[in-house]
Amino acid sequence: MAYPDSFIAYGAQYYRAPTPFPEHWADDLKAAADAGFNTMKFWVQWRANSPRKGAYDFSDLERLMELAGKNHLKVILNTVFDGAPAWFDAEYPDSFMVTAAGRVMRPQLLAYRQTGGCPGPCLNHPEARAERYAFLREAALRFKDHPALLLWDLWNEVELSNGILREPVAENLLCYCGHCRAAFIQWLREKYPDIGALNAAWHGMFGDFDQVELPRGLGVPKPMVDFRMFFAQVCAQEVRLRKQAVREAGDHHPVMVHTVPMPYFNLITTGSDDYLLAKECDMFGCSIGSEPFASAVTASAAPGKPILASEIHAMGGSSYARPVKPDFAAFKRHIFVPLARGMKGFQYWQLRPEVLGNEAPAWGLMDLRGRTNTPAFAFAKRINDALQSCAPALSRALPKPARIAILNSGKNQIFDWVSSGNIQLHYRSVKGLFDALYGENYNVDILSERQMIESDLGQYRMILTPFPYYMERAAADKLKAWVRAGGHLFSEAFFAGVSDENGCFSEMQPGFGFDGVFGAEEKCAYSLGGFQDAYSADQDIRESRFPLMDAQGRPVLSGFGFMQGFEPREGARVLAAFEDGVPAVVENRYGAGLAVIAGTLMGCADARENAAFLGRMAGAAGVERNAETQDALRVDALYQGEALRFLILSNQGRGERVELRLPALAGKELYNPLTGANGRADGQGRARLEVAPGEMELFEVR
């Protein structure tokens, strides 16, 4: 079975045992269906649905599925193993995870959820793996033939500790139990041909693999990069096994997981790697999809697959932090941002507010009594009415393939953490460059290093490498060939400064022979005074910004933190310098392509200050903007084949009307299904439309 082509899933998470209570189910699901919602999500919980070993009680879900079918609602079944049954914890105390600090993670009842046994058992514990497999296989056997079933979401917000130890500090690292040590050593045996190869990579002195010490702290990157990437692959393997359990039951519905992209979830403590996880699934999804960067990561991790905005956090809160007053502009952004990236399903967290735990009394479109006469419910219904009115065309409309890619290396994120105890340089650099080009009306993919190595880069005309300090040789070789063939490369400071082969700093920087590509080598390198304390997530970082000058000494660009000065080679051109006159940004022709290196972190500096420069470079590479605009306007265009079908406009300026020009619009009518307003483009594709400041609007092109 496949996700329906003409279907836009729209609804909410509903059931996380034991709430909502059974007396509300019939009325709530009928109210959702009456409002035009077509999809609900129910949790299938190992702890709640397996009261004894070998016993499974799905009676709650069976009734919910019956009610959903009666109301013509499709259902996403979201399997949750973050809380193990009490009987399992009692029988297998050796399944508890262990932190780097030696803390045994005994299961607990989380304050914000109605479930105990958290965090669940170690993913490498053999009996836990077998029990999860048996539970999921049984669930699939029960529901595989139910007409209401739409798909399986096999893991809710993938991470190792279920949110308990998410902060990226060394003592929070999981897992150091005997099962993980054995599994990691086996992984090393498969990665390295012999102990000599491991010693060369780690600079170790082990006589045998069984002597390997698990890395626990900061400092030397290579062992920790291996250790954390091992857990990323453990999570991906777990998804593979869960899919196998569903398929073994004879269930062929699509399977997916949904994640929370960085920086909300970091790779170091969560083990959640969007790119590895998406490869195991038929579909993919995310929380926080209303953030353009998060939507881009999710879509880029799962090219060609249906993607869903799996958790829309429109009405979040807690016992004392009640939800903010609903705002229609914010509700539209929650839907239109992921829609612009090609997502075809939208699930609010959640339909009825929580009544148990410190997430109560929040997170609901309804009120606590299940009434739908709330502003939030009205906003959600109004948006859905507009989407479903044009669903046959909208469900098949997609953005054009991006011609720009940004490298998002998980290993480089780990290196940033090993070197500093933080991931902010990596994250700010990646997101800052994305934001700059997003504001210039370009579509951008965000690729993993493995994607860059294994995929055909021919669709991309411009590639950016943010803070590419730690790099694989294979990725550098692929980029070098791509530039030689005509690609345009932009890099920030310290390109391949550290090699993944052995974790050592390159004597020649840029590394891997890229001094020839960029036409420059490092002359000097400094950090701005106080920089080491100035870039954490919760501190003001403005003091680490500084100007880059043109030949006349005028500030033209903005740098951050590092000052890597260059000695240009013959034929290279200096585009900007530091205040002391040392070349800071160098451009060089290499083969049929162009390479530019900036000896600083322009992504961390200020997206607005550097956006025009990056936009001009994209234009020189032959990349077309989504549209030409006269205002602070973000334009997203959705096509069916070559036919332009929809525009999504985000007015970031102050005017009540916006202007754009897109040749494919020539002579076309534009209809807003939310407001009923009509507009028309002239013969050159110019249109002037009503979009209030701070608002997003959807227009159907007719």
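Predicted model: local features only at pLDDT ≥ 70, side-chain atom pairs only at ≥ 80, totals over all residues.
Residues are numbered from 1 along each chain as its sequence is written, and side-chain values use heavy atoms, with hydrogens and water left out. The names of elements follow DSSP runs numbered from the N terminus, with helices (H or I) of at least four residues and strands (E) of at least two.

The pair we began with belongs to strand E26 (residues 669-671) and strand E29 (residues 696-701), which are joined in the antiparallel sense over two bridges. Two strands are said to pair if DSSP finds at least two bridges between them. Step back, and you will see an open sheet of five strands in the order E23-E24-E29-E26-E27, with antiparallel pairing. Strand E23 (633-640) and strand E27 (678-680) are at the edges, each with a single partner strand, so one side of each is left without a neighbour in the sheet. On average, neighbouring strands of this sheet are turned by 25 degrees against each other, direction ignored. In a regular strand, side chains alternate between the two faces of the sheet.

What lies across E23, strand E24 (643-651) and E29? Helix H12 does, running at about 50 degrees to E29. Axes here are lines fitted to C-alpha atoms, for helices over the stretch in contact, and angles run from 0 to 180 degrees between N-to-C directions. Contact itself means heavy atoms within 4.5 Å.

H12 (residues 328-340) also takes us to another part of the chain, where E7, H12 and E8 make a right-handed β-α-β unit. A crossover is right-handed if, with the strands pointing away from the viewer, the path from the first strand over the helix to the second runs clockwise. E7 is joined to strand E8 (residues 345-348) by two bridges, and these strands run parallel. Here Ile-312 has Tyr-348 in E8 as its bridge partner.

E7 takes part in a further right-handed β-α-β unit, made with E6 and helix H11 (residues 292-301). Strand E6 (residues 284-287) and E7 pair in the parallel sense over four bridges, and Ser-287 stands opposite Glu-311 in E7. Is E7 covered or exposed? Strand E7 (residues 307-312) is mostly covered, with six of its six residues buried. Buried means under 20% relative accessible area, exposed means over 50%, and partly exposed is in between (1.4 Å probe, protein chains only).

Next, turn to a pair of helices. Two packed helices are described by the angle between their axes and the distance between the axes. Helix H6 (residues 178-191) and helix H8 (residues 221-248) pack at an angle of about 105 degrees, with their axes 11 Å apart. H6 and H8 are therefore roughly perpendicular to each other, a term for angles of 65 to 115 degrees, with those under 35 roughly parallel, those over 145 roughly antiparallel and the rest oblique.

Two residues in other helices are worth a visit. Asn-384 sits in helix H13 (residues 375-389) and is buried, with a relative accessible area of 1%. Leaving aside neighbours within four places in sequence, Asn-384 touches Tyr-10, Ala-35, Gly-36 and Phe-37. Glu-127, in helix H5 (residues 126-143), is partly exposed at 31% relative accessible area. With neighbours within four places set aside, Glu-127 is in contact with Phe-88 and Tyr-92. Glu-127 and Tyr-92 are 35 residues apart in sequence, with 8.2 Å from C-alpha to C-alpha.

Finally, look at the hairpin of E16 and E17. Strand E16 (residues 545-549) pairs with strand E17 (residues 555-560) in the antiparallel sense over five bridges. Arg-545 has Phe-560 in E17 as its bridge partner. The hairpin has five residues between the strands, and Gly-553 takes a positive phi near 80 degrees.
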